[in-house]
Amino acid sequence: MARSEVVVNLGALRHNVALLAGLAPGAETMAVVKADGYGHGAVEVARAALEAGATWLGSCSTQEALALRQAGIRARILAWLDAPDEDVAAGIAADVDLSVASLADLRRIEQAAEEADARPRIHLKIDTGLSRNGCQPKDWPELVEAAKKHEVVAVWSHLACADEIGHPSVDLQAKRFDEAYEVARGFGLDPLRHIANSAALLTRPDLHFDIVRPGIAIYGLNPVPTDHDLRPVMSYRSHVALTKRIPAGESVSYGMTWTAQTDTTLALVPAGYADGVPRALSGRMEVLLEGMRRPVVGRVCMDQIVVDCGNDEVREGAEVVLFGDGRRGEPTATEWAELTGTIDYEIVCGMYRPRVRRIYT
Ligand SMILES: *Cc1c(COP(=O)(O)O)cnc(C)c1O
């Protein structure tokens, strides 16, 4: 028995991908599997997403894309952000589409293409307002002109506030995107367009264009308050390692921040902050144990947490659900995020740890 396990429900993932693809029937679906599939396992997620109707995969780095190729995945892959010394030639040789956001990017890719003796496929990225990666509008015509001798697959961009429904920046970004597209057309190109992340896929059908790029939503976490039937894919569980009865007045864990008011039974669970349980959840989290939500008491430690079970009988070895899809009343990754002041993206990405076993169902 592993200390703790992340359980990845690939059936839920396929359900989500099929649902999302159905919401954008005129577009192809690029399943975003960067950061090891948001902590779910990029290869397994990619295969399941392709089975469920995705036709593209989105990686951050060339290295992430190559890992998919090495696993035998042959679908189109776009990689969008590399370290300056990345082996881009290997990406081109492996038929990975690459993003270009500057003349420097273009030069690097041209050089790599020569090395690889292969033709690069390019997605030109326009910065429409995120001010992150992407070419600024003033430099755009020069970039398009320099790139047009290559295979320019798409013009693309990324949204800053798509998760805030009605935020005026979305329309502004859409307008700048349209202008950049028209410039590319003016240079004789006929590229595809893609700009929609999960939030825009769910709320802005006018921005679906040719490809949609959902990430978080394929993992069943909804970044917008809509009631789409997305099913959380990841759950996190452990087992009771030890139980003990303590008398009233005894305290629990470092700093003795919690003291038993009455005699009570404690259950020790071998999962702590080194296993992905945020220490910031100390004094605030609950787990599902023997059919009930029960409080974790005292501080979250590196290797363990302690659950107060009152006068209930609890077996050593009993399953403890730390988070799941919520259907049994257990906490969700989203609840952890709300309690710790972050977003569920960060919670699930943070669950990839060597001592947490990952299993697939
Ligand atoms: C991460 C990412 C996405 C997916 O975003 P979600 O909010 O998870 O849907 C799409 N496009 C780009 C460029 C990204 O970096």
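**Ligand site, pockets and cavity**

Me: How far is a backbone N or O atom of G215 from an oxygen atom of the ligand?
Reply: The distance is 2.9 Å. That is a polar contact, here a pair of N or O atoms within 3.5 Å. This is a predicted model, where local features need pLDDT of at least 70, side-chain atom pairs count only at pLDDT 80 or more, and totals for chains, interfaces and linings use all residues. Residues are numbered from 1 along each chain as its sequence is written, and side-chain values use heavy atoms, with hydrogens and water left out.

Me: OK, and what about R213 and the nitrogen atom of the ligand?
Reply: A polar side-chain atom of R213 sits 2.9 Å from that nitrogen. I216 uses a polar backbone atom, 2.8 Å from an oxygen atom of the ligand.

Me: How much of the ligand's accessible area does the protein cover?
Reply: The cover is 94% of the 380 Å² that the ligand has on its own (Shrake-Rupley method, 1.4 Å probe).

Me: Which residues come nearest the ligand?
Reply: K34, Y38, S198, I216 and Y345, out of 13 around it (a heavy atom within 4 Å).

Me: Switching to pockets: what lines the largest pocket?
Reply: There are 29 lining residues, with K34, Y38, H158, N197 and Y345 nearest the centre. Two or more residues each come from α2 (34–38), α9 (198–203) and α11 (344–349). A pocket is an open set of points on a 1 Å grid over the protein atoms alone, where a 1.4 Å probe fits, with protein on both sides within 12 Å along at least five of seven lines; lining residues have an atom within 4 Å of a point. Helices (H or I, at least four residues) and strands (E, at least two) are DSSP runs.

Me: Where does the largest pocket lie relative to domain 1 and domain 2?
Reply: Between them, because domain 1 (10–219) and domain 2 (234–360) both contribute to its lining. The pocket holds about 670 Å³, the space filled by probe spheres set on the points.

Me: What about the volume of the second largest pocket?
Reply: About 290 Å³. Its lining has 19 residues, and V252, S253, L268, Q304 and V306 are closest to the centre. β11 gives the largest share, four residues.

Me: How many cavities of 30 Å³ or more turn up in the whole structure?
Reply: One. A cavity differs in that the probe cannot get out. The largest cavity has a volume of about 40 Å³, and its lining residues include H40, Y219, M234 and V348.

Me: How does the lining of the largest cavity split by class?
Reply: Seven nonpolar, two polar and no charged residues.

Key:
Domain bounds come from an automatic or database domain assignment. A polar contact is a pair of N or O atoms within 3.5 Å; within protein, one must be able to donate a hydrogen and the other to accept it, and residues adjacent in sequence count only if both atoms are side-chain atoms. Ala, Val, Leu, Ile, Met, Phe, Trp, Tyr, Cys and Pro count as nonpolar, Asp, Glu, Lys and Arg as charged, and the others, Gly among them, as polar.
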